[in-house]
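Please read it alongside the sequence and the structure.

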Amino acid sequence: MSEYTVIGKPALRKDSHDKVTGSAQFCADITLTGMLHGAVLRSKVPHGIIKSIDVSAAKEAEGVRAVVTGEEVPYRLGRSIMDQTFLAIDKVRHEGEPIALVAADTLEQAYAAVRMIKVDIEPLPAVNDVLEAMKPESALVHDRLEDYWHVDTIRPVNGTNIYDHFTLRKGDVDKAFAEADVIVENEYDCAILHHAAIENHLAIAKVDGSGKITVWSPAQSPYYIRGELSRALKVPENKIRVIVPPIGGGFGGKLEARAEQLAIALAMKTHGRPVKVAFSREEDFLAGTVRAGVHFKMRTAARKDGKILAVESTNWWDSGAYSTISPTVTLKANVILAGPYEVDNVKMDGYCVATNKQLGTAQRGFGVAEASYAHEQQMDAVAKALGMDPYELRMKNVMVDGCKGHTGEKMFAVGIKECLKEAAEGLGWEGHPTSWITEDGKIRGRGLGTFMKFTGTPSYTSATIKLNFDGSAVVSYSTTELGQGVGIVIPQIVAEELGIPLELISTVQVDTDHTPLDKTTTSSRATYHLGNATIKAAEDARRQICQWVAFKWKTPVERIEFKKGGIIVQLDEQGKPTGKQARMDELAKNGLIKNGEPILGYGSYETTNIWHKPDPETYQTERLTAMWFFGANAAEVEIDPDTAKIRVVKVVAAHDIGKTLNPLGCLQQVEGGVIMGIGNTLLEEFIHRDGYLMNGNMVDFKIPTSMDSDVEIEMRLIESSPHPEGPYGAKGIGEPAMCATQSAVASAVAHALGVPVVHVPIKGEHILAACRKRLEEANDR
Amino acid sequence: MYDFKELHEAGSVAEALRLTKEHPGALILAGGSDILIKLREGKLAGCELISIFGIDELRGICLEEDGTILIRPLTSFTAVSTHPVIRQHIPVLGEAVDQIGGPQIRNIGTIGGNICNGVTSADSASTLKAYDAMLEITSAEGTRVLPFAEFNLGPGKVDLRAGELLTGIRIPKESWERTYGHYIKYAMRRAMDIATLGCSVNVRLSADKKKIERLRMAFGVAAPIPVRAHTAESTAEGQPIDEALLTRISEAVIADITPRSSWRASKEFRLHLAKEIALRAVKAAVEKAGGSING
């Protein structure tokens with residue numbers, strides 16, 4: 001029998017009913033009294049000098065209440081580098097960059113007025129390619145990157161397009177390569193992807209008489225956005241309030257302020273009237289955010305027996321016109337680019353690069369899915385060079401507890417070996433070929449993908465639990481519900497800790513004026529961080545409950561025991577139960593806390609104390625993160641050799657979850673992650689010509705439809721390596737759910753065809769020749 | 001935003017013809033699934049629209065006395081694919097239009113709109129072309145009949161003159177009787193996608209089902225407009241059915257098509273696909289007709 005009553009049992013999300021029936025009120029559904037509608041004039045060219053802007057006709061247009069141009073709002077944004085203004089001022093750096101704003105009584109009037117703005121832009125050559133951008137003769141996206149304010153952990157370089165150059169150095173790579181039996185060298189490419197959340201970026205802003213700014217926005221991380229806006233506007237944080245309606249998907253894309261600053265710029269001129277700025281789908285493609293493209297150069301050294309001796313890489317991230325949080329993406333990918341393997345010698349150089357394209361930012365995994373694809377292609381190539389089974393090679397090298405990680409830290413709670421074993425077993429790996437031809441002439445292949453990822457540290461969060469006299473509870477926190485299921489896992493923890501029925505526990509709308517402090521909703525951190533904070537809040541609530549009950553029962557508080565499952569027991573002087581007791585799930589009936597001292601439990605969790613700042617050159621440290629995630633996918637694909645169509649037949653996804661809190665939630669994450677990963681691998685890409693986006697719409701940017709999702713998905717949750725500091729031992733699953741799908745599918749295709757996959761998405765025309773060759777080889781035999 | 005000057009709604013063909021005369025240059029709006037996208041993109045800013053969507057006399061499918069299948073242009077894709085006449089005599093047309101967009105688009109989009117839009121990727125066009133459809137075009141001056149083969153003048157351009165309206169699509173009995181068709185749409189996704197290449201074929205076999213008596217084949221996205229593959233067709237005429245014939249047909253396709261490279265796919269890949277899906281479509285059609293590839 002489980003030691004828990006609620007934890008580990010499937011629980012239905014609390015927001016499902018509202019979202020399925022359409023009664024949920026998203027930001028787009030909100031209309032405030034006196035609200036105006038904003039529209040944005042955007043750059044039609046990817047790079048150019050603004051010669052003039054004439055807004056005179058727009059100002060006079062019907063219904064127009066405010067018009068704003070860049071010079072009026074010269075505020076700078078940027079988490080890593082403050083390189084971005086609210087509106088373009090002298091120069092435009094990407095197609096779709098906002099240039100001017102209009103607020104009008106109706107959206108139609110706002111659009112009409114935007115069309116009346118005359119803007120004269122002298123086009124400049126666009127920096128379209130990340131490798132071209134690195135050349136000394138390349139045009140510059142920003143003239144002097146160092147001159148912008150930037151965080152001291154990154155290194156922008158003046159006179160180049162380099163936002164940051166990240167370095168990691170461990171061991172002696174040159175020596176290892178000199179001693180290697182086998183060296184495998186390859187280059188890989190990942191296209192730019194879009195988050196394509198069902199809800200576009202949008203915001204409503206209002207500035208009241210005292211100058212207080214209120215923003216309604218589907219902000220993934222409202223306190224982060226508040227901080228960004230505060231720094232940009234030079235307004236204290238207490239003068240900015242961010243209210244978060246239900247969010248229609250984030251995937252990392254809602255981390256950055258996109259519509260918020262535009263709505264505020266207008267609201268500063270509308271005398272208290274709120275302004276809504278809602279991106280159209282086309283605007284979201286051009287001026288939302290993207291996952292950066294990346295080009296990897298990889299070199300791996302191995303010994304004859306399969307031991308990986310060294311991994312070396314230089315890689316360039318196509319981070320677009322403004323840096324946002326991309327340097328962190330580059331960092332996170334490079335830290336794990338040698339894979340979840342014990343490698344003594346590692347050398348990484350990651351360049352975060354500016355181009356005249358859309359803004360690269362976080363996307364589910366922070367670069368790990370791309371890195372996993374590259375390191376797993378390398379593992380397959382090493383296996384091939386050594387004539388070893390790809391599974392065996394990986395098993396031989398996987399990290400184990402106590403080993404030294406790529407950052408030099410001593411690893412613990414490492415579940416990768418079990419994950420890999422389970423993933424391979426789920427597909428029936430042993431004794432089965434990795435490539436074969438079916439009776440009807442299709443090419444099948446099997447592949448493996450592993451990943452490791454760390455959660456951003458240091459970090460902090462907090463929660464409160466309010467008990468109502470009727471025995472219900474309200475839990476407040478500022479981690480947002482993006483679909484990852486925080487809104488059910490946290491109530492589950494409250495239910496477990498206090499013995500209150502799950503259905504009596506509700507959550508509240510995140511609002512920086514009301515809900516407690518939280519760093520971000522990113523990095524698969526919610527269950528771990530907020531879960532720990534919630535356990536502490538429940539402890540605090542229990543202490544208060546016991547105190548009140550002690551008073552009510554006229555018993556010293558030491559003789560009140562709060563037992564598991566929420567039974568409050570009176571003890572006698574010997575510590576034995578007197579028989580007097582009350583149940584937390586009967587508070588409504590027993591009136592135990594009614595009209596008593598109100599109970600409000602508070603708990604917080606933060607990880608500054610466990611974090612050691614890495615060396616800026618080597619990135620070696622004693623401890624980098626609160627939590628490492630591990631996982632493995634095994635995939636089988638079928639390729640039609642004549643049309644080069646790839647179908648993913650099955651994916652087995654094994655995840656080092658530590659402890660499963662909500663198996664239903666995990667399944668939803670894993671299914672969504674696998675399908676998203678398949679879309680990333682086979683379908684999705686931004687296609688640019690000279691900086692112009694060719695396919696910025698939902699027909700031409702191809703996310704999988706339900707018709708494309710008929711893949712057999714088997715989830716295996718591994719609980720053999722619980723996290724000693726996690727709530728009940730739990731780690732995270734949000735990003736992990738998709739981090740190894742791209743690599744496993746690419747591995748399966750590479751095995752099927754016998755050639756490495758050097759570009760994702762894998763397009764039919766890229767593999768057609770390989771399909772032919774594979775069939776010819778089969779016929780020769 | 002939907003920026004247009006005026007919308008005129010016609011209740012009858014006569015009214016529509018009058019409106020086209022009164023508003024030269026106005027666009028004909030049927031289901032709107034193509035025009036609304038362009039409107040939203042601002043490409044038709046300030047245009048005038050004449051909606052014919054309310055003209056019920058332009059809806060429906062029937063078998064005329066002489067065996068001609070008449071499809072009125074406002075018939076939705078869903079209505080086409082579920083209509084008994086289509087299902088019985090030219091099911092391939094239903095199969096083709098069933099691959100357009102998603103269910104909502106198929107409920108609103110019309111077959112007439114699909115071909116009048118004039119794009120090469122129109123999923124109904126290759127089948128209608130392969131069946132030698134005849135178009136009934138009406139104006140205030142009367143009616144003219146035009147082979148669909150002559151309708152597409154260039155990308156997005158069709159032979160509809162000012163004041164004219166497509167009022168009927170006819171497939172003569174001689175064209176459809178004893179035929180079996182197959183349509184293959186090659187696209188990146190299984191729904192909600194535009195064809196990278198489309199191929200519609202129909203075959204009529206000899207009585208003993210050993211020979212192809214007649215082959216009809218047409219492509220979408222293999223040229224700037226939907227095209228018939230006459231070389232491939234004549235290669236098959238009267239020939240005994242075997243693998244070698246399929247290969248010859250497939251090779252012959254190259255003479256009939258002129259695909260281009262775009263960011264969606266390269267010319268070479270489209271040429272390869274055209275040969276491959278032509279072969280598969282002929283094979284499937286032959287099998288539907290009761291023939292067999294290997295005797």
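Does E136(B) count as buried or exposed at its relative accessibility? At 13% relative accessibility, E136(B) counts as buried, where buried stands for under 20% relative accessible area, exposed for over 50% and partly exposed for what lies in between (1.4 Å probe, protein chains only). This is a predicted model, in which local features need pLDDT of at least 70 and side-chain atom pairs count only at pLDDT 80 or more, while totals for chains, interfaces and linings use all residues; side-chain values use heavy atoms, with hydrogens and water left out. Residues are numbered from 1 along each chain as its sequence is written, and chains are lettered from A in the order in which they are written.

**Interface between chain A and chain B**

- In chain A, 33 residues are in contact with 21 residues of chain B, contact being heavy atoms within 4.5 Å.
- Between the two chains about 2400 Å² is buried, and carbon and sulfur atoms give 53% of that area; buried area is the accessible area (1.4 Å probe) that two parts lose on being put together, summed over both.
- The interface counts 7 salt bridges, each a side-chain nitrogen of Lys or Arg within 4 Å of a carboxyl oxygen of Asp or Glu.
- R280(B) and D640(A) meet through their side chains in a salt bridge, at 2.8 Å from N to O.
- On the side of chain A that touches chain B, at least two residues each come from helix 3 (107-115), helix 8 (281-287), strand 31 (645-656) and helix 19 (764-780), where helices (H or I, at least four residues) and strands (E, at least two) are DSSP runs, numbered from the N terminus.

**Helix 12 of chain A**

- The 12 residues of helix 12 (residues 416-427) of chain A should span 16 Å at 1.5 Å a residue, and the end C-alpha atoms are 17 Å apart, which agrees; the expected span is 1.5 Å times one less than the number of residues.
- Buried residues of helix 12 of chain A include I416(A), C419(A), L420(A), A423(A) and L427(A).
- The cover over the buried residues of this helix includes helix 11 (390-397), strand 21 (443-454), strand 30 (628-640), strand 31 and strand 34 (712-718) of chain A.
- After helix 12 of chain A comes G428(A), whose phi is positive, near 70 degrees.

**Salt bridges within the chains**

- Over all chains, the structure holds 81 salt bridges.
- R79(A) and E228(A) form a salt bridge through their side chains, at 4.0 Å from N to O.
- This pair links distant parts of the chain, 149 residues apart, with R79(A) in the loop between strand 4 (76-77) and strand 5 (84-85) of chain A and E228(A) in helix 6 (residues 222-233) of chain A.
- R79(A) is partly exposed, with a relative accessible area of 24%, whereas E228(A) counts as buried at 3% relative accessibility.
- The side chains of E136(B) and R170(B) meet in a salt bridge at 2.5 Å, N to O.
- That pair also links distant parts of its chain, E136(B) being in strand 6 (residues 134-139) and R170(B) in strand 10 (residues 165-171) of chain B, 34 residues apart.
- R170(B) is partly exposed, its relative accessible area being 22%.
- One network, joined by salt bridges that share partners, takes in K421(A), E422(A), E425(A), K650(A), E712(A), E714(A) and R716(A).
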